[in-house]
Amino acid sequence: MSTERIEEFLAAVKTAFVANTLVKLKLGGYHGAEPDLKSIDVKKIVVKGGDKFSFTFHYKTRDIIKNQIQPEAMGNLRIALKDEFRSAQLSTTEFDMSFERNGDKVRIKRTEVEGRTAVSTEHNRAKNRPLAETNKPYLYALGITGKDGVVRNDAQDKFRQINKMVEIFAPLIQAISSEKPRIVDMGAGKGYLDFALYDYLSTTGKAAEVIGVEMRDGLVNDGNATASASGFDGLSFVPGTIIDYDASGADAVIALHACDTATDDAIFKGITAGASLIAVAPCCHKQIRRQMEAGKPATQLDVLLRHGIFLERQAEMVTDTLRALLLELNGYKTKVFEFVSDAHTPKNNLIVAEKDARAGRDREAVLKQIEDVKAMFGIERHYLEGLLGL
Ligand SMILES: C[S@@+](CC[C@H](N)C(=O)[O-])C[C@H]1O[C@@H](n2cnc3c(N)ncnc32)[C@H](O)[C@@H]1O
């Protein structure tokens, strides 16, 4: 009976998850309705809110990561195995189990293994942080440490976040082929990311030039004074707006929580500079929300958008989906994932776009996806489309 086999496989996944023996689960042979979905990798992570399944959805030109609690994940895996994926491979520290479905027939095969160790599930590792040395003038100037160079109790969360950002951005920057990449951080604020990234990269052998663009002069002056006191010659802050900044020569353009359409200005600057990497953590999504509100009668989605909080979340997803598509259209492979725990901020999605010759080759198909999303939500025009002259 195929149902029994599916339940047997799911029980093995659940046991491995609970017993911390899960190494990896891979689903392949996708034949469901989602265009361009190829496979899914599943692992266990431990985050502040508890243990979760972390799903990486591999699409033709991008990856999307979603973390789910156990009951929700098991329900989705059941649907996936029953209707959408023909094969699955479970690896645990004790055995491998393969799953093959052909129509209604399901075969599973278990093979014992020896000597395999469990992978680390710690999402927020307390030890081995990238910024191991904390007695630094910039950490004191930013209020992270006291005069003694020890991280202040009330800054522990911020320090964890900064380390997390370095963990995410450093490998992306290290993958850029330029010998000394130029990183431009749009809407840099106090420059937490810029100081930490500059410090980390220069001490790990891939020096970078880091420039923070910020419209508040006071922050720019403070940032430059601290950079100079720290001897960080390649780190500077420049005053002005994102849209007026000449980003030519930038290898990476980053914008973390730049407000509303300032994120689009940053993406536009990255695209026109031909940056290898564009990474943005969007903030508020007013531009599209306003159009969705106005366009509501034109859609069939009134019932889903009736409550303000759902409209807000939907606006966020639609805005960022369109951003990802517009990046793809311009030759970038995109990934979207949560970059800090939602305990810190609900605005925790990061869009990472890397230049990839294969991305957006089927221009007509991507343009159609953009038009379909806009039509579905009653959207006239995404601000970024205007910048790109579409
Ligand atoms: C929410 S803060 C984030 C700061 C920093 N990126 C971080 O994550 O800590 C947004 C910053 O972007 C700046 N900003 C917003 N729009 C901007 C624009 N169009 N041009 C330049 N700076 C901008 C604001 O002044 C503010 O300092």
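Student: Which helix gives the largest share of the lining of the largest pocket?

Tutor: Keeping in mind that this is a predicted model, the largest share of that lining comes from helix 10, which contributes 12 residues.

Student: And what is the volume of the largest pocket, and which residues are closest to its centre?

Tutor: Its volume is about 1,800 Å³, and of the 48 residues that line the largest pocket, the closest to the centre are Arg62, Ile64, Lys66, Met317 and Thr321.

Student: How many of the lining residues are charged?

Tutor: The lining of the largest pocket has 21 charged residues, along with 17 nonpolar and 10 polar ones.

Student: Switching to the ligand, which residues are closest to it?

Tutor: The ligand is surrounded by 15 residues, and the closest of these are Gly187, Glu214, Arg216, Ile242 and Leu256.

Student: What do Glu214 and Leu256 do there, atom by atom?

Tutor: An N or O atom in the side chain of Glu214 is 2.7 Å from an oxygen atom of the ligand, whereas Leu256 places a backbone N or O atom 2.8 Å from a ligand nitrogen atom.

Student: How much of the ligand's accessible area does the protein cover?

Tutor: On its own the ligand has 590 Å² of accessible area, and the protein covers 79% of that.

Terms used:
Residues numbered from 1 in each chain as written. Predicted model: local features only at pLDDT ≥ 70, side-chain atom pairs only at ≥ 80, totals over all residues. Heavy atoms only, no water. 1 Å grid on protein atoms, 1.4 Å probe; cavity = no way out; pocket = protein on both sides within 12 Å on 5 of 7 lines; lining within 4 Å. Points joined across faces, edges and corners; volume = space filled by probe spheres on them. Helix = DSSP H or I, 4+ residues; strand = E, 2+ residues; numbered from the N terminus. Nonpolar A, V, L, I, M, F, W, Y, C, P; charged D, E, K, R; others polar. Near = heavy atom within 4 Å. Polar contact = N/O pair within 3.5 Å; in protein donor to acceptor, adjacent residues only side chain to side chain. Areas by Shrake-Rupley, 256 points an atom, 1.4 Å probe, with all protein chains shown as cover.
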